[in-house]
Amino acid sequence: MQPIRFSILGLILILFVSCGEQAPIKSSTTGTESIALSALADEVRSETLRSWKAYKTYAWGHDVLAPISRTHRDWYSEPLYISPIDAYSTLVLMGFEEEASEVERFVVDSLSFDKDVDVKIFEVNIRILGGLLSMYSHCKNPQVLDKARDFADRMLPAFNTPTGIPRYWVNLQTGESRGDTVNVAEAASYTFEMGVLSHFTGDAKYYETGKRATRAVFNRRSDLDLIGEIIDVSSGDWVSTQSHICAGVDSYYEYLLKSWVLFQDEELKEIWDVSLPVIHEYLADEYDGQLWYGRSDMHTGEHVSSMVTLYDAFFPAMLALSGDTARAVRLQSTWASLWNKYGLEPMVYDYRTGEPGYPVYDLNPEIMESAYYLSRITGDPQFVEMNKGFWEDLKTHCRTDVAFASVENVATMEPRDYMPTFFFAETLKYLYLTFSPDLPGVHIEDCVFTTEAHPFEKVDFTDFKVNKK
Ligand code: DMJ
């Protein structure tokens, strides 16, 4: 049982430190309902502006707003301006062009990545590189693309390992990297941002780097076609052989599918097609009348743990995007029942004991993201209703005088003095999109969203040619 203990400890540490073919969209809103929906969209929009103003008042120039003490936090010894870069695409989508332009000007005029700080390669890829690329795709300012390329070039030395899987940390100034043990999400969630950068710059090296890391993980799958959880970037040996779709693995699967949808790269589709059936065969767990995805050993396929994370609620969206609406609907109902048990979700939960493993709720988006995808793909109003309910709960338990705050414990709703950057990037965006069904050009039929919800229009990638099979 040793590997299981290690994995759960690893998971808690991770949490602390921090279109396939789609069914046509069915519209089922009546006139009155659409007025009610647009009122909700307006409310989300004005709450976003209120939170943005709080960020600007109390945390401008820094990474994150601390919404209760009304001050700021930085991830490292020097700020990298993570909240505004992450918020930009949401500000644009909601029509806050002036606020977005201010971020763009700051990025171009005042932000330098020439800083002697070690950054977490996974986190900065999805938030900073992804944010800058979506900024460029909107504003088309070549200086923004230069910033994105400069940032990616500072990330690349981390991938200089025998396996091609990046080390955990890289120093933005010296390129020195460290941390030989990474989880699968940290190992291989780079094809999307790196592919976009290759497409925009015409330089294939970025996408090739991302794909090499993805192949390195897939090529180390077991005879059952399962992958593990934690890997050594030098030896390529599995450090934890626990297989799951939870935090620490999630975006690896997400990027197989989404990179295929955006770039039409057959190789990624083939990896997804090998991976998905064994997820259903070995990880799916029918328990107490509900569908869960638990944890199994990658070599034996035996179930080893029923500890799940709220991040796993990204999976209904992926199932729906890949065409498996029936499973997506069932799984979403499992997650909704967990949310409704508390009124928010605990970050870690054991579905067999019914106890939280880690009771924090960090304003995470995944359950709302999946409700949004299902609302688009099925047209069933129950998913809009779901997001209405989640939004009500967020306002009840997380809204503060100036913005929104995470919660230390979903049983007590004790607030936590932190508003993560993905609250701007993802949570508010998916709610707004759910309540704005008629907004043109920004929904999943037209865009593919990164794991941090930065949108890229499919039409811009129809001539993607880099390193496709
Ligand atoms: C986001 O930062 C990304 O979606 C990441 O891939 C996992 N989930 C968090 C928010 O919960």
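I began with helix H16, where 14 of the 14 residues are buried, so H16 is largely enclosed by the rest of the structure. Buried here means under 20% relative accessible area, exposed means over 50%, and partly exposed lies in between (1.4 Å probe, protein chains only). Helices are DSSP runs of H or I with at least four residues, numbered from the N terminus.

A note on the source: this is a predicted model, where local features need pLDDT of at least 70, side-chain atom pairs count only at pLDDT 80 or more, and totals for chains, interfaces and linings use all residues. Residues are numbered from 1 along each chain as its sequence is written, and side-chain values use heavy atoms, leaving out hydrogens and water.

Back on H16, I looked for a bend and found one of about 25° at Leu428. The bend is the angle between axes fitted to the seven residues ending there and the seven starting there.

Next I looked up aromatic pairs, and the count is 36. Rings of Phe, Tyr and Trp (its six-membered ring) pair if their centres lie within 6.5 Å; planes under 30 degrees apart are stacked, over 60 edge-to-face, and the rest tilted. The ring centres of Phe192 and Phe263 are 6.2 Å apart with planes at 65°, so this pair is edge-to-face. Phe192 lies in helix H8 and Phe263 in helix H10, 71 residues apart. I found both Phe192 and Phe263 buried.

Last, I checked for disulfides (cysteine sulfur atoms within 2.5 Å) and counted zero. Cys246 is buried at 0% relative accessible area, and Cys447 is buried at 4%.

How values were computed
Helix = DSSP H or I, 4+ residues; strand = E, 2+ residues; numbered from the N terminus.
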